[in-house]
Amino acid sequence: MIEVFVSEKLVVRVPCAVIEHEGKILAGQRSAALSFPLQWEFPGGKLEKGETDEEGLIREIREELDVEIEIIHKLPVTVKDQGWREIVLVPFVCRLRSHVITLTEHEQVLWLNPEELPSIDWTEGDLNIIQNYYDYLSIKL
Ligand SMILES: Nc1nc2c([nH]c(=O)n2[C@@H]2O[C@H](COP(=O)(O)OP(=O)(O)OP(=O)(O)O)[C@@H](O)[C@H]2O)c(=O)[nH]1
């Protein structure tokens with residue numbers, strides 16, 4: 001895991017994936033045993049030493065969902081202040097390269113239409129990601 005102290009605050013970089021498949025987007029429900037239990041997130045996680053955002057994301061998605069992804073587009077970074085640390089969320093629009101998902105960490109996943117995304121209880125900061133994803137879709141269309 002890469003952690004950097006800036007002005008005494010821990011900064012943690014977390015690449016995460018907005019995975020598109022057949023017009024829907026994957027949301028993952030965090031485990032009841034983790035921080036922010038049962039809230040929804042875009043799968044991903046903290047970087048390991050020496051990894052780029054893209055390498056870390058591909059590894060995390062393999063570990064969490066047992067699938068391969070193709071990274072399509074980087075969305076703007078969203079910073080989430082948790083008081084004692086800052087989470088720097090680095091979202092990427094991705095597509096599946098393999099299709100059988102096996103969950104190793106999440107309680108469940110949902111495939112949602114883009115307009116359904118705000119209807120579930122996301123971890124704080126993710127609504128920014130959703131808005132940035134909408135902006136990306138509007139430019140793309
Ligand atoms: N993967 C992911 N993490 C997110 C999102 N939004 C968000 O705030 N986070 C936070 O970023 C951190 C990601 O770390 P992680 O995936 O290794 O999860 P973790 O529970 O083991 O970490 P933690 O115990 O340090 O909080 C978590 O604190 C998680 O709550 C998101 O959309 N995707």
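1. Which residue of E7 is the bridge partner of Pro15? In this predicted model, the partner of Pro15 in E7 is Val90. That pair belongs to the pairing of E2 with E7, two strands that run parallel and are joined by 11 bridges. E2 spans residues 9-21 and E7 spans residues 85-96.

2. E2 also pairs with E3 (residues 24-29), here in an antiparallel sense and through 2 bridges. Within this pairing, Glu20 stands opposite Ile25 of E3. The two strands form a hairpin with 2 residues between them, and Glu22, which is in the turn, has a positive phi of about 50 degrees.

3. On its other pairing, E7 is joined to E6 by 4 bridges, and these strands run antiparallel. Asp81 stands opposite Glu86 in E7. E6 and E7 likewise make a hairpin, with 3 residues between the strands, in which Gly83 takes a positive phi near 85 degrees.

4. Lys80 has its place in E6, which covers residues 78-81. Because 16 other C-beta atoms lie within 10 Å, Lys80 is classed as partly exposed. Leaving out residues up to four places away in sequence, Lys80 touches Ile87, Leu89, Glu124 and Gly125. Its C-alpha atom is separated by 17 Å from that of Val18, a residue 62 places away along the chain.

5. Val18 itself returns in the largest nonpolar core, which has 25 residues, and in which Ala17, Val18, Ile19, Ile61, Ile69, Phe92 and Cys94 touch the most other members. At least two residues of this core come from each of E2, E3, helix H1 (53-65), E7 and helix H2 (126-140). For Ile69, once neighbours within four places in sequence are set aside, the contacts are Ala17, Ile19, Ile58, Ile61, Cys94, Arg95, Leu96 and Arg97.

6. Around the ligand there are 17 residues, of which Cys16, Ser35, Glu41, Gly44 and Gly45 come nearest. By class, the shell divides into 8 nonpolar, 5 polar and 4 charged residues.

7. Phe36, which is not a glycine, has a positive phi of about 50 degrees, and Phe36 lies in the loop between E3 and strand E4 (40-41). Is Phe36 buried or partly exposed? With 14 other C-beta atoms within 10 Å, Phe36 is partly exposed.

8. The second case is Asp66, where phi is near 60 degrees, again a positive value in a residue other than glycine. Asp66 is placed in the loop between H1 and strand E5 (69-74). Asp66 counts as partly exposed because it has 13 C-beta neighbours inside 10 Å.

9. As for annotation, an unreviewed UniProt entry carries "domain: Nudix hydrolase" over residues 9-134. In the model, the end C-alpha atoms of that span lie 31 Å apart, and the span is 17% helix and 38% strand.

Definitions and conventions:
Residues are numbered from 1 along each chain as its sequence is written. This is a predicted model: local features need pLDDT of at least 70, side-chain atom pairs count only at pLDDT 80 or more; totals for chains, interfaces and linings use all residues. A residue is near a molecule or strand if its C-beta atom, placed from the backbone, lies within 6 Å of it. Ala, Val, Leu, Ile, Met, Phe, Trp, Tyr, Cys and Pro count as nonpolar, Asp, Glu, Lys and Arg as charged, and the others, Gly among them, as polar. A residue is buried if 20 or more other C-beta atoms lie within 10 Å of its own, exposed if 12 or fewer, and partly exposed in between; C-beta atoms are placed from the backbone. Two residues are in contact if their C-beta atoms, placed from the backbone, lie within 7 Å. Two strands pair if DSSP finds at least two bridges between them. UniProt positions are given in the numbering used here, feature names are shortened, and annotations may be inferred rather than shown by experiment. A nonpolar core is a set of buried Ala, Val, Leu, Ile, Met, Phe, Trp, Tyr and Cys residues joined through C-beta atoms within 7 Å.
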